[in-house]
Amino acid sequence: MRLRFDILTLFPDMFCGPFDDSIIKRARESGLISIHIHNIRDFAPGKHRVTDDYAYGGGGGMVMKPEPIFACVEHVLQEEPELEENPPIILLTPQGRLFTHQVATELSQHRRLILICGRYEGVDERVREHLVTDEISIGDYVLSGGEIPAMVIVDAVTRLLPGALGCAVAPLQDSHAMGLLEGPHYTRPAEFRGWRVPEILLSGHHAEVARWRRQQALRRTLERRPDLLARAPLTAEDREFLASLGYHGPFADDDEGRETEDEGRTTDDE
Ligand code: ADE
């Protein structure tokens with residue numbers, strides 16, 4: 001099953017390069033994905049093909065006009081309509097919902113994604129209200145446009161498609177896939193400038209290595225992103241290890257626990 005990306009942009013040349021190497025290149029060549037870049041300017045009417053205009057009501061900055069964006073999306077939807085009846089039409093904007101591993105996973109279930117790269121001060125509100133089905137931000141900062149965010153989404157989503165990576169288990173162990181950051185990795189030599197690889201990794205005890213890795217992931221997540229621990233699925237052993245590091249919650253299933261307790265209490269009262 002192929003996933004088709006349609007990217008609508010005023011700067012198609014920006015996409016030369018990032019999709020022509022490594023995993024994305026291989027995914028394209030093997031037919032796992034296809035990427036179609038569309039120049040919004042080609043859909044602007046008139047000799048000058050104007051795509052932006054002054055904001056009604058004054059104030060500085062230009063706004064992307066609605067007509068070329070609507071025309072471009074309508075054109076794109078006519079290509080391979082059998083792929084998906086109502087594919088997501090996503091506007092890249094700092095005002096969108098935050099792009100996370102979960103959102104990437106959700107998007108990877110589709111057969112087709114349409115990505116609109118916003119520019120200037122923004123796009124005419126009617127595009128938001130009557131055309132797009134989703135708005136995504138890749139972080140709380142403002143970029144010059146949605147082109148780099150579109151590349152980020154193509155990359156993150158493609159990695160999740162079965163067959164995109166050489167090793168099928170790799171994406172499941174990536175940082176964030178398990179709700180935790182990954183622990184450290186080492187390769188040869190076993191000693192470099194006097195710094196040795198942790199002995200456990202050389203021991204050949206697979207179960208011990210797996211336990212150590214899990215603990216390293218927990219430790220690193222606690223140090224760098226404790227907010228993730230509150231949402232990650234954790235075992236009793238994980239919690240015990242975290243307690244030994246001084247972390248006693250909150251945990252993802254705290255609410256559930258409390259709810260069950262509350263329900264119990266209500267029944268008692270009755
Ligand atoms: N366009 C400008 N900044 C952006 C961001 N942070 N995410 C998505 N699109 C953007």
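Modeller: Gln216 is buried, because its relative accessible area is 17%, and buried means under 20%, exposed over 50% and partly exposed in between, with a 1.4 Å probe and protein chains only. Before we go on, please keep in mind that this is a predicted model, in which local features need pLDDT of at least 70 and side-chain atom pairs count only at pLDDT 80 or more, while totals for chains, interfaces and linings use all residues. Residues are numbered from 1 along each chain as its sequence is written, and side-chain values use heavy atoms, with hydrogens and water left out.

Gln216 sits in helix 8; helices (H or I, at least four residues) and strands (E, at least two) are DSSP runs numbered from the N terminus. Leaving aside residues up to four places away in sequence, Gln216 touches Gly183 and Pro184, where contact means heavy atoms within 4.5 Å.

Helix 8 contributes Arg211, Arg214, Gln215, Leu218, Arg219 and Leu222 to the contact, and helix 10 brings Glu237, Asp238, Phe241 and Leu242. By class, the contact of helix 8 with helix 10 has 4 nonpolar, 1 polar and 5 charged residues; Ala, Val, Leu, Ile, Met, Phe, Trp, Tyr, Cys and Pro count as nonpolar, Asp, Glu, Lys and Arg as charged, and the others, Gly among them, as polar.

A cis peptide bond joins Gly249 to Pro250, with omega about 10 degrees. Arg188 and Pro189 are also joined by a cis peptide bond, with omega about 5 degrees, and Pro189 lies in the loop between helix 6 (170-173) and strand 9 (191-192).

Strand 9 leads us to Arg193, in the loop between strand 9 and strand 10 (195-196). Arg193 is not a glycine, yet its phi is positive, about 50 degrees. With a relative accessibility of 68%, Arg193 counts as exposed. Glu80, in the loop between helix 2 (66-78) and strand 5 (89-98), also has a positive phi, near 45 degrees. At 23% relative accessibility, Glu80 counts as partly exposed.

For another buried residue, turn to Gly145, with a relative accessible area of 15%. Gly145 is in the loop between strand 8 (134-137) and helix 5, and it touches Gly118 and Arg119, again not counting residues up to four places away in sequence.

Helix 5 (147-159) brings us to helix 1, whose buried residues pack against it and against strand 2 (33-39). In helix 1 (residues 22-29), Ile23, Ile24 and Ala27 are buried. They cover an arc of only 100 degrees around the axis, which puts them on the same side of helix 1; the arc is that of the directions from the helix axis to the C-beta atoms. Ser22 and Glu29 are exposed on the other side of helix 1.
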